[in-house]
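Please examine the following model together with its sequence.

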Amino acid sequence: MTAPFTLRDAAAEDYPGIRRLFEQLHRQHVENRPDIYQDADPLPEEEYKQLLQDERSVLLAAFTRKQAVGLCQLTLRPPSKSPLVRPQRAAFIEALVVAEEYRRQGLGSRLFEQARERARTLGARRLTLNVWCFNEEAAAFYLRMGMQKQRIQMEGTL
């Protein structure tokens, strides 16, 4: 049975639940890329407060019975000042996470669609994000949501 979800902008009092979701996401990065990520607080409370006050940031959250079970962090990016690039406002999805026990209920799709609509409303012409190669499930989700591969970033050790 699908739980009823409420989607809204996150508020200051939502911090404990939002932090748990950021911890879940960060743990996945630490486990899969310990060469880059380390155990640390992924969202200190002061940083959370600043995020809520930043007019370029949107933090959408999904709740069931007042418990945060999903989030999507969106950042508006100003147009490039390079004469080589067409100036257009873009929105970047910094994070999208759904608590493991609430996945496959359409919540990620609802968060993504609401973030896309919010980006449009705020004047963005493009929506971008990064997804790690180890996260094949997320990459497949974004493709289903209509995103397209843009570039491949390579790395090597020295």
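The buried residues of helix α1 are Tyr15, Gly17, Ile18, Leu21, Phe22, Gln24, Leu25, His26, His29 and Val30. Here, buried denotes under 20% relative accessible area, exposed over 50%, and partly exposed the range in between, with a 1.4 Å probe and protein chains only. The model is predicted: local features need pLDDT of at least 70, side-chain atom pairs count only at pLDDT 80 or more, and totals for chains, interfaces and linings use all residues. Residues are numbered from 1 along each chain as its sequence is written, and side-chain values use heavy atoms, with hydrogens and water left out.

Helices (H or I, at least four residues) and strands (E, at least two) are DSSP runs, numbered from the N terminus. Helix α1 comprises 18 residues, 15-32, and its first and last C-alpha atoms are 26 Å apart, close to the expected 26 Å at 1.5 Å a residue; the expected span is 1.5 Å times one less than the number of residues. An α-helix has 3.6 residues a turn, so residues three or four places apart point the same way. The buried residues of α1 pack against α2 (45-53), β2 (57-64), β3 (67-77) and β4 (90-98), where contact means heavy atoms within 4.5 Å.

Strand β2 is mostly covered, with eight of its eight residues buried. On one side these are Ser57, Leu59, Ala61 and Phe63, and on the other Val58, Leu60, Ala62 and Thr64. Two strands pair if DSSP finds at least two bridges between them. Strand β1 (residues 6-9) runs antiparallel to β2 and is joined to it by four bridges; Asp9 has Leu60 of β2 as its bridge partner. Eight bridges join β2 to β3, also antiparallel, and Ala62 is partnered with Gly70 of β3. The hairpin of β2 and β3 has two residues between the strands, and Arg65 adopts a positive phi near 45° there.

Arg33 lies in the loop between α1 and α2. Its relative accessible area is 13%, so Arg33 is buried. The side chain of Arg33 makes a polar contact with that of Asp35 at 2.6 Å; such a contact is a pair of N or O atoms within 3.5 Å, where, within protein, one must be able to donate a hydrogen and the other to accept it, and residues adjacent in sequence count only if both atoms are side-chain atoms. Not counting residues up to four places away in sequence, Arg33 touches Trp132, Phe134 and Glu155.
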